[in-house]
Amino acid sequence: YFQMPATRKVFTLAMVRKTNSLLLGLKKKGFGEGKWNGFGGKVEKDETVSEGAVRELEEESGLVAKCLRKIGILEFEFAGDPVLLEVHVFDVTHYEGEPVETEEMLPQWFPEDGIPYDQMWPDDILWYPLYLKGTKFKGYFLYQGHDTILEYTLTQVEHL
Ligand SMILES: Nc1nc(SCCc2ccccc2)c2[nH]cnc2n1
């Protein structure tokens, strides 16, 4: 019968880039532990999505974003789990500070042609090429557990 609508929770994901390199963090605990990823987390009630992205980036890497652009929206569902993650992805090209290890994240610069996809979420290898060539994107991924994508849609969009 009809699909019960999932409960949406809004998260941010900030991708920090400099010429031909990408800053990723190895998640040391919690959701996505052991995977390299951008920097992000839950958006609190009293902040905008962008404010949440700036806050999480500083908490997790020590970097203060000076300019961040919305580049994508990714929806993640996990079979059997009623919560849908609505992840707003940002490109950070101007920031202050140097990346530092925090409780949550061990940061490291990677060349764009040396991204450790085998130690990342399986969807990343699908949308990073769109991100790296500068197109905006919308995606939906249905996971079984944290390592298997059962189905997905991914489209380039003009506007988010
Ligand atoms: N790249 C990527 N990121 C995430 S979660 C990012 C947002 C987040 C959520 C919760 C805590 C911290 C950060 C993913 N989930 C499923 N595939 C995925 N791919």
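The model you are looking at is predicted, so local features need pLDDT of at least 70 and side-chain atom pairs count only at pLDDT 80 or more, while totals for chains, interfaces and linings use all residues. Residues are numbered from 1 along each chain as its sequence is written, and side-chain values use heavy atoms, with hydrogens and water left out.

Strands β8 (residues 136-144) and β9 (residues 148-157) run antiparallel and are joined by nine bridges. Strands here are DSSP E runs of at least two residues and helices are H or I runs of at least four, both numbered from the N terminus; two strands pair if DSSP finds at least two bridges between them. The hairpin of β8 and β9 has three residues between the strands, and Gly-145 takes a positive phi near 70° there.

Now move to strand β6 (residues 83-96). β5 runs antiparallel to β6, with 11 bridges joining them, and Leu-74 finds its bridge partner in Val-87 of β6. Four residues lie between the strands in this hairpin of β5 and β6, where Gly-80 has a positive phi near 90°. β6 also pairs with β1, this time in the parallel sense, over 10 bridges. Along that pairing, Leu-13 stands opposite Val-89 in β6.

With those strands in view, turn to the ligand. Of the 14 residues around the ligand, Asn-37, Phe-76, Trp-121, Asp-123 and Asp-124 come nearest; a residue counts as near if one of its heavy atoms lies within 4 Å. The shell draws at least two residues from each of β1 (7-18), β4 (39-42), β5 (64-78) and α2 (124-132). β1 gives the largest share, three residues. By type, the shell holds eight nonpolar, four polar and two charged residues; Ala, Val, Leu, Ile, Met, Phe, Trp, Tyr, Cys and Pro count as nonpolar, Asp, Glu, Lys and Arg as charged, and the others, Gly among them, as polar.

Look next at the ligand's nitrogen atoms. A polar side-chain atom of Asp-123 lies 2.7 Å from a nitrogen atom of the ligand. For Asp-124, a polar side-chain atom is 2.9 Å from a ligand nitrogen atom, and for Asn-37 the distance is 3.0 Å. Taken alone the ligand exposes 450 Å², and the protein buries 93% of that, with accessible areas coming from the Shrake-Rupley method with a 1.4 Å probe.

Definitions and conventions
Polar contact = N/O pair within 3.5 Å; in protein donor to acceptor, adjacent residues only side chain to side chain.
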